[in-house]
Amino acid sequence: MKSVRIIAISALTLLLGACGRDVVEVTSDLIPAVELSASSVGLLPGGSCSIGFTVSGVPDGDLAFNLRLRGGGEPGEFRLTGVTRGSGPGQYIANIEDAGTGKSYSREVCVELAARDKMRGALSEFICVNCGETVYGEAPDTGLPTVYIDTGDGTGAGSFYASASSVLKIRGSGSYGGTAPASCTVSLRGNISQNLPKKPYKVHFRDSVPLLGMPAHGDWVLLANFTDRTLMRNMVAMKVSSLTSLAWTPRCVPVELMFNGEHRGSYLLIEQVAVAPDRLDISADGYLLELDFHFDNEFQWTDRHGSSTLFPGGIPFAVKYPDPGLLSGKRKDYIRDYVSRASDALYGDEFTSPEKGYAAYLDADSFADYWLVYELLGNVELYSPGSVYMHKEAGGKLVAGPCWDFDWCLTKSRTDTQLKTGLLNTDAIWYARLFNDPAFKEKVRARFAALLPSLRTVPDYIDSCKDLLSESAALNFAMWNPAEDRWQHSGMLINGDEKMSFEDAAAQLKTVYLQRLEFLSEKLL
């Protein structure tokens, strides 16, 4: 698979001699100014592109053109096929085409022009029209679709916050079709994860775009899964969640990522948690809440009931939808008061009453299914909630979900200990109180029994993911070492498989899943 070649064109001033970046005064009045018509152009495999520029101060016919690398010599991977006159005075178009070599490189390229000295009839010194950077890459063929991102300015993959002039296209593979280039904004995302060597990204399209069979939307996420030696923890979690009755589970597809022509490894293209008809489908009068220990949201508060590791006196809530900046004070007061009344009812003396207890405020079925996903997959995020969601429709109850962020789950080190001591999440957030109600315990048992036949199919899904990701994993882990995540955890490794091979880690994930499934069967049935 081949990448989009990007020629990023810098703002121009006249340069005399070899293509350098130092400005040299030009005393000749032959060429007083050169101006480009665009800051960047893209060169597709086997394709061509054009660079428009305007030269003032030179009579027509007194210019000659050439293309060379900044350090000297002609580029072998692409070539200048000609320069044509534009429609206006002094306007020219340089035409460049891909040479079809398939080689990877990063070059600074110059389109040079030379003014003819009328007195001597010879060409003068070369003057650079463009000293931008050409980025070119060859996407590996791993059997996965390939996402190409061009930031338009040649920005490094980990050195920027946001690039609003980006373009994304997808080269399809297998049953997945590709997409044409579309304008977008690309930015780093995540809290802890954006500080890791392999960066995760958020992509925002100006218009909704369908990607790899997933419904059209403007917001997407590329998860790096840097700490995940299996590359599939989030995929498995979304599979388990999709088997439940939760309202919506983000869809996802593993891909290769080419960023400004550089292969960045295996990523997971996934739907961002968002309110939309084809995502979390609630009305404009509804709410999407996140329990977020980072406490860096525009509108948030700590409820006085419940348990979380970092907030022992309550649970941190934040409004994610509607945009808090657009919420009236009345609506803010309403949702904060509703959460408070719900937790008061849950922790009150009559908490088991259908009319006066938590059942009047919480959708118990969703809280049962949500807990089962976290418990089965060994995810203890509920204790330090950072990606734990609830939502509420206008006039409706608080509903648990959607599920998100499972790259630390199904770990041998955690579950080995927990198999000896009990369940993982029975006293996290509001669950300590919910499990004091025999009716909720029975609901969890009944839901697990109903889901068990479907949950037994997940090991086959893990095997299929292993086969699908095998070639991608080999290339990914040649570039990235998950064991490097120890710096942020006092020298400890989170998942316990960071030093394993991909095959061994995937096999362990399957084994631990089966252990968890058997363990829950013993505890709940």
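## Accessibility and the chain as a whole

A residue is called buried when its relative accessible area is under 20%, exposed when that area is over 50%, and partly exposed in between. Leu-514, which lies in helix α8, has a relative accessibility of 41% and therefore counts as partly exposed. The C-alpha atom of Leu-514 is separated by 9.1 Å from that of Val-458, although these two residues are 56 positions apart along the chain.

The structure described here is a predicted model. Its chain has 525 residues, of which 53% count as buried, and it contains eight helices and 24 strands.

Two packed helices are described by the angle between their axes and the distance between the axes. Helix α3, which covers residues 364-376, packs against helix α8, which covers residues 502-524, at an angle of about 130 degrees and with the axes 9 Å apart. Because of this angle, α3 is oblique to α8.

On the side of α3, the contact is made by Trp-371, Leu-372, Glu-375 and Leu-376, while α8 contributes Tyr-513, Arg-516, Leu-517, Leu-520 and Leu-524. When the residues of this contact are sorted by class, seven are nonpolar, none is polar and two are charged.

## Salt bridges

The structure holds 15 salt bridges. One of them joins Arg-279 to Glu-271, with the closest N and O atoms 3.8 Å apart. Both partners are buried, since Arg-279 has a relative accessibility of 4% and Glu-271 has a relative accessible area of 0%.

Another salt bridge is formed by the side chains of Arg-304 and Asp-344, at 2.6 Å from N to O. Arg-304 lies in the loop between β21 (300-303) and β22 (315-321), whereas Asp-344 belongs to helix α2 (residues 329-346), so the pair ties together parts that are 40 residues apart in sequence.

The side chains of Asp-337 and Arg-341 meet in a salt bridge of 2.8 Å, taken from N to O. Asp-337 counts as partly exposed at 39% relative accessibility, and Arg-341 counts as partly exposed at 32%. Elsewhere, salt bridges that share partners join Asp-228, Arg-233 and Asp-497 into one network.

## Aromatic rings

A pair of aromatic rings is described by the distance of the centres and the angle of the planes. The structure holds 15 aromatic pairs. In the pair made by Phe-435 and Phe-440, the ring centres are 5.3 Å apart and the planes stand at 80 degrees, so the arrangement is edge-to-face.

Phe-435 counts as buried at 11% relative accessibility, and Phe-440 is buried as well, with a relative accessible area of 0%. These two residues are part of one aromatic cluster, which is formed by Phe-367, Trp-371, Tyr-431, Phe-435 and Phe-440. Trp-371 is also one of the residues through which α3 makes its contact with α8.

## Points of the backbone to look at

Two cis peptide bonds can be located in the loops. One joins Tyr-321 and Pro-322, with omega at about -5 degrees, and Pro-322 has its place in the loop between β22 and α2. Another runs from Gly-401 to Pro-402, with omega near 10 degrees, and Pro-402 is placed in the loop between β24 (398-400) and α4 (412-421).

The loop between β24 and α4 also holds Leu-410, a residue that has a positive phi of about 50 degrees although it is not a glycine. Leu-410 is buried, with a relative accessible area of 0%. Asn-225, likewise a residue other than glycine, has a positive phi near 50 degrees. Asn-225 lies in the loop between β17 (214-223) and α1 (233-242), and at 7% relative accessibility it counts as buried.

Technical notes: Residues numbered from 1 in each chain as written. Predicted model: local features only at pLDDT ≥ 70, side-chain atom pairs only at ≥ 80, totals over all residues. Heavy atoms only, no water. Axes fitted to C-alpha atoms, helices over the stretch in contact; angles between N-to-C directions. Helix = DSSP H or I, 4+ residues; strand = E, 2+ residues; numbered from the N terminus. Parallel < 35°, antiparallel > 145°, perpendicular 65-115°, else oblique. Contact = heavy atoms within 4.5 Å. Nonpolar A, V, L, I, M, F, W, Y, C, P; charged D, E, K, R; others polar. Salt bridge = Lys/Arg side-chain N within 4 Å of Asp/Glu carboxyl O. Buried < 20%, exposed > 50% of the residue type's maximum accessible area, 1.4 Å probe, protein only. Phe/Tyr/Trp six-rings, centres within 6.5 Å; stacked < 30°, edge-to-face > 60°.
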